[in-house]
Amino acid sequence: MSEIPNTSPFGEGSEVTAFAILRAGLDLNPEFRPVIRLLLATGVLLSLGRIAIPVLFQRLIDGDLLEAAGYSRAELLTLAVITTAVVIGVVLLSVLSQFVLIRTSEQALARLRKVVLRRAVDLSLAEHATERQGDLVSRTTGDIEALTRFVDWGAYSWLVNTTIALTATLAMFFYSWQLALVATISLVLMVPILMKLQRARQQRVAVVRNRTADLLSDTNEAIAGGEVIRAFGQHEAATRQLNTDVDSLYSSHLWANRVMAWLFTISDIFGTIAIAAVVLAAVWLGADGPTLGATVAILFLVQIVLTPIAELTEVIDDTTMALAGWQRTIELATRPQAIPPAELPLPIHDGPLEIDVDHVSFAYNDHAVLHDVSLHVPAGTAVAVVGATGSGKTTLARLLCRLADPDEGTVALGEVDVRRLSESDRRHAVRMVPQDGFLFAMPVRENIRMGRDDATDAEIVTAIADLGLTGWVGSLPQGLDTEIGPGGEGLSVGERQLVAVVRAALADPGVLILDEATSSLDPATELAMTAALDRLKQGRTTVTVAHRLSTAERADLVVVFADGHIVETGSHDELVTSGGEYAQLHEAWSRGVAI
Amino acid sequence: MSEATSLDARPSGGSPIGDGLRLVSGYARANWRPFTIASVGSVVYAAGTVGSAFGLGWAVDEALVPHFEGADSRHWAAVAILVGIMVIRTVGVVARRYYAGMTAALCRTGLQRDLAERIVEMPLARLRSRAPGTMLANIDADTESAVDVMHPAPFTIGVLSMLVFAVTGLAAIDLPLMFATVGVLPLVVGASWFTAIILEKPTAVEREANAAVTAATTEIIAGTQVIKTLGREDAELERFAEIVEHHRASRVHVGALKMGIDTSFSMIPQLAMILIVVVGASRVASGILEPGDLVQAVALFGVLAFPIQVIGFFLTDLPISVVGRRRVDVVLVEPDDPLRAAPANPRKLPTGPLAAQLTDVRVGETDRSRVSGLSLPVVAGETLALVGPTGGGKSTALEVLARLRPVDAGGVTYGDIPAADISEADLRGRVTVAAQNAVLFTGTVRSNVDYGRNLTSADVDRALVLAGGADLDEILPDGFDTLVGERGVAVSGGQRQRIALARALAGDPGLVLLDDATSAVDPVREEEILANLAELPTTVVMVTHRVAAMAGADRVALVVDGRVVEVGDHQSLLANPEYRDLVAAYERGAVL
């Protein structure tokens, strides 16, 4: 079920029982414990309220109040008033207990949301690879959502309905154990049938889910490929494909519906069987049996047992989904912290820092990316790291800013192992300008200020001027006050990276890590970027994951990666003349430019 | 399938309940057969439910009471009656559930088919203006909630008839007993209605808060790397905590309201039963009624209590379905693409390389793609490169040539034939497009190149070779028959672009339009592709950022601020300082 390998609190491989999940969940969220007690209390209260009426009947009949001789208006009214008081009192108490219940469980859920997101953010960046982000988002939203629905409905239903059914059954036994036994056995007979239908339902609902996924994926293609469909005049074929999906979804719905139509009828059928059995048993028992009042009370109690059973069949699906969601949530929340803070932090000096990568190996989930990589970069050097996609250059950049720790070997900045740096020192020592400068939905100015929280407006303006970006900022619709849409909407990829460059300038790190944009930027942005980076690189050690020929040409040192190894290091000129990998790469590059 | 009139077509401002009832009647009329069966099933169920209460009363009077009084007990008859009624009720329930589900599914299918057609048929500009995620929600969750109300709708009819049966039944037992009961029933229905109205606003607030939580989660996870490099974890999680707190408060509000109302109303039937017992007991004692009659009356009320709640569910579902339907309708009112209109006097495009001409073209209400007075002659058989700064109108000009974008003024001709006189099928067979963002469809490499045109496999393979994709046959696991995954995710960006380029080159097109279509292909292979294009007996117009492509083109058109500033070969254009700057910038930014 889980795509993310980890140290699960449930151990490996084995099927996890509902109770194991419940126990682990309660350990994680002890606030849920009183919730269970409250649910039980509410269940008992509500069942008392429901059995009030059958009890009233039994008293009326067996007290001979229904005979002309035994009728007493006063006694009747007393009984009615007592029953009314019980019903109202029970409702008031259960309103109170449910209110506390809602507050407590919502507090617990809110805390769980926060804990889980914190954990998700703390995960090593290996888990944040793009293809896993969907999984993470679904764990932090969808799974908790399923759990929330369950707490709203399912959990309440389970505990309260089970309690009501049990209380009503006990009440039956109180009146007559023989009749109660007959009724209970008749009702228990439906359990295997219910289970079978439930399994069939789950299978069919799964088919519905798959067909929905097919429809969504084809719709997604029709939207993303809207231009292609129109450009090639393939409207009919596209519509036909979607209609096929819609129709097969429809038939899966009907197929699932066939089971559901029966599923909720079963308790009704067996309820009647139980009542008929009770009537027959009462007649056969004769004088040894219960009184007429008790028999009538039992008939009503059978109906009271039925309602919760019918409701339970409706929440089984929600329960399965909630438990699966809860399990995934717990697994995520109990994951050990990926980047433990330094226990005895060491100090680090200001200014440009030297970099030492010593026999480093690193794997993303068993997929080795770096093999025994060593690299020494003197302070103040401009390094360009080149190599094919997946050769390990971006991973090295990430290890340098401790977005992950190496599996073997050490990464040191200014002769201090990055694992021994305090968080604030590390952030001051090394800064990364990522390829796509992710922006938050707030003005450009505030996005820049994230580089250093206490930067004043004047400092921001100065930093922009120092990088030669005043003109670019002026070209934005509202300058620094330009609002940015969610995810950086409104700015191009290059412009987003410019914001990230200003952020880095504010932080003034000793080591700057740059992940160059892989796609071409428009010429104006490209020019602004080149100039700004040249200024930003002054007086620091820089490591650039390079995609541009010009960057490699101007670097002091070029490091060539292939398949997780460093295959060449040296200056641009040295490497071009040596005729190795870099020389070949360079030739291809140049041909694209040369006229 | 659009029998159910769209809500937007009606004067709005009705109450959510009124709009909802109109919606339900529209759905019911569109699929009247299953809806009628479901409703009849519902009425049968109602009759059976009322009947079972009578059966219970009969069993007490004719089997139990005689038995305890030592008289002859008719217990077998009682069992037969109980079981018989149960069978009737079961038939009703199953028919109701199955056909109500069918009604809802049919209504939803109709909406989904209409939506699918709109997504495919609406003009490209309209499609681009819509968020993909929202359209996916439209076809999934929104259509589901739009028809949700059709699940309880037939049941509601059944419940209403059940009330009539019950009241008639009670009247048959005893009139005073009936009046004691009837007084309570409107209270139960009114209570449900009241719940629906009171919960509407807080529920909307809660939904919004919930959406905010999801949005914040997605943003934080998508931005984790940046958040970490900036050391903003605590600040972001604090922001998230505030959003969660707001969400929590809204949930407690809704939860408490709903629970308070539900629980309080749940005692109404019980109190009513007590009332019936008090009224009834005196009448039994005075010999007017049998004990069994009283049992019947109370049992009736017991079985009514849950179904009556259904009216409440129905009323709560109404506004939800109205909202869902409104979201769907926003897409359903999208117009057809006027570019696809059939010409009055169609003229056939010539064979061979195709010439084209844009004359004084004006396009674009949106500021990003404004083009005015753009004139561009494309000579048959040439390779023409469009270059210029971002936002200058290169891609817009290409889209006009591809007839993907309507022009507001000016003329477009292909081989001297006005665009309006060329049929869609003719044009699409002769003019093809490949863009930087190469979208493939689920299927194999070959099926993507063929793309519904029934080309020979030799033609397909030849196009792949021309597009520099010959090596894909060896690299990809199943060669040209490799599945490319949804939108082509299973192959790399450069491979995707080459397959999309092959799609455009296949089928002997007369005019091929390329919008930066080889940006992710490496320089060596790009050279090879450009050489292939030069050999092809077809006209090529390409937007490009690569200097090599500009130099290799027959002509280059410099597009700035929505106009063609200069056309000529690369060498002669280098005299233009604007062009020279552009070339210098492209060289600097040359990307591996």
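Which domains does the domain assignment give for chain B? There are two of them, domain 1 (16-332) and domain 2 (351-588), with bounds that come from an automatic or database domain assignment. The C-alpha centres of domain 1 of chain B and domain 2 of chain B are 57 Å apart. For chain A, the assignment lists domain 1 (1-175 + 318-338), domain 2 (177-289) and domain 3 (355-593). Between domain 1 of chain A and domain 2 of chain A, the C-alpha centres are separated by 24 Å.

A word on the ground rules. This is a predicted model, where local features need pLDDT of at least 70 and side-chain atom pairs count only at pLDDT 80 or more, while totals for chains, interfaces and linings use all residues. Residues are numbered from 1 along each chain as its sequence is written, and chains are lettered from A and ligands numbered from 1 in the order in which they are written.

Now to where the two chains meet. Here, 126 residues of chain B are in contact with 127 residues of chain A; being in contact takes C-beta atoms, placed from the backbone, that lie within 7 Å. On the side of chain B that touches chain A, the largest share, 25 residues, belongs to helix H10 (residues 233-285) of chain B. Helices (H or I, at least four residues) and strands (E, at least two) are DSSP runs, numbered from the N terminus. Sorted by class, that side of chain B has 73 nonpolar, 30 polar and 23 charged residues. For these classes, Ala, Val, Leu, Ile, Met, Phe, Trp, Tyr, Cys and Pro count as nonpolar, Asp, Glu, Lys and Arg as charged, and the others, Gly among them, as polar.

Helix H2 (residues 32-62) of chain A packs with H10(B) at an angle of about 10°, their axes being 10 Å apart. Axes are lines fitted to C-alpha atoms, for helices over the stretch in contact, and angles run from 0 to 180 degrees between N-to-C directions. H2(A) and H10(B) are therefore roughly parallel to each other; angles under 35 degrees count as roughly parallel, over 145 as roughly antiparallel, 65 to 115 as roughly perpendicular and the rest as oblique. From H2(A), Gly49(A), Ile53(A), Leu56(A) and Leu60(A) meet Gln270(B), Met273(B), Ile274(B), Val277(B) and Ala281(B) of H10(B). The residues of this contact include seven nonpolar, two polar and no charged.

The axes of helix H3 (residues 75-121) of chain B and helix H5 (residues 132-147) of chain B come within 9 Å and cross at roughly 155°, so H3(B) and H5(B) are roughly antiparallel to each other. The residues of their contact split into nine nonpolar, three polar and two charged.

Chain B also has an open sheet of four strands, in the order E2-E1-E4-E5, with antiparallel pairing. Two strands pair if DSSP finds at least two bridges between them. E2 and strand E5 (417-418) of chain B stand at the edges with a single partner strand each, so one side of each is left without a neighbour in the sheet. Helix H12 (residues 394-401) of chain B packs on this sheet, where it touches E1, E2 and E4 of chain B, and its direction makes about 120° with that of E1(B).

Strand by strand, five bridges join E1(B) to strand E2 (residues 371-378) of chain B, with Gln357(B) partnered by Pro377(B) in E2(B). Strand E1 (residues 356-363) of chain B also pairs over five bridges with strand E4 (residues 409-414) of chain B. Here Ala356(B) has Tyr414(B) as its bridge partner, and Leu358(B) stands opposite Val412(B). E4(B) and E5(B) are joined by two bridges and form a hairpin with two residues between them, where Gly415(B) in the turn has a positive phi of about 50°.

Chain A has an open sheet too, this one of six strands in the order E6-E7-E8-E3-E9-E10, with mixed pairing. Its edge strands are strand E6 (430-433) and strand E10 (565-570) of chain A, and the twist averages 20° from one strand to the next. Helix H16 (residues 493-507) of chain A packs on the sheet and touches E6 and E7 of chain A, its direction making about 170° with that of E6(A).

Conventions: Contact = placed C-beta atoms within 7 Å.
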